[in-house]
Amino acid sequence: MHELEAEQNTRDFAFATLVALEDIEKGDPVTSTNVAPMRPSVGDFYARDHKSILGKRTTKYISKGEHIVKLHLSN
């Protein structure tokens, strides 16, 4: 495998943002099973932020496949 090809996975992960893996109801906690990093990176939380938002409660319904943004989460 060419070196640039091998680095592509790392680049994709680094710039991925968190996405709902399933429908998440208002008030539900963010868990490692209901959100994961994906491309394109259009949300507010990058893959590196995953652990920092775990356990936060949602402030609104989030549909499966929707990128997570700050307005979705309580402080």
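**Close-up views of the predicted model**

View 1. Glu-22 is partly exposed, since its relative accessible area is 39%, a value that lies between the limits of under 20% for buried and over 50% for exposed. In this predicted model, Glu-22 is placed in the loop that links β1 (17–20) with β2 (35–38).

**View 2. The protein chain as a whole, for orientation.** The secondary structure of the protein chain amounts to 2 helices and 2 strands, and read from the N terminus these elements follow one another in the order α-β-β-α. Of the 75 residues in the protein chain, 28% are buried.

**View 3. His-72 and its polar contact with Glu-66.** His-72 belongs to the segment that comes after α2 (50–53), and its side chain makes a polar contact with the side chain of Glu-66 at 3.2 Å. Because its relative accessibility is 3%, and buried means under 20%, His-72 is counted as buried.

View 4. Leu-73, like His-72, is located in the segment after α2. With a relative accessibility of 8%, Leu-73 is counted as buried.

View 5. A distance of 9.1 Å separates the C-alpha atom of Ala-16 from that of Ala-36, a residue 20 positions away along the chain.

**View 6. The cis peptide bond between Arg-39 and Pro-40.** The peptide bond that runs from Arg-39 to Pro-40 is cis, and its omega is near 0°. Most peptide bonds are trans. Pro-40 itself is found in the loop that connects β2 with α2.

Conventions: Residues are numbered from 1 along each chain as its sequence is written. This is a predicted model: local features need pLDDT of at least 70, side-chain atom pairs count only at pLDDT 80 or more; totals for chains, interfaces and linings use all residues. Side-chain values use heavy atoms; hydrogens and water are left out. Helices (H or I, at least four residues) and strands (E, at least two) are DSSP runs, numbered from the N terminus. Buried means under 20% relative accessible area, exposed over 50%, partly exposed in between (1.4 Å probe, protein chains only). A polar contact is a pair of N or O atoms within 3.5 Å; within protein, one must be able to donate a hydrogen and the other to accept it, and residues adjacent in sequence count only if both atoms are side-chain atoms.
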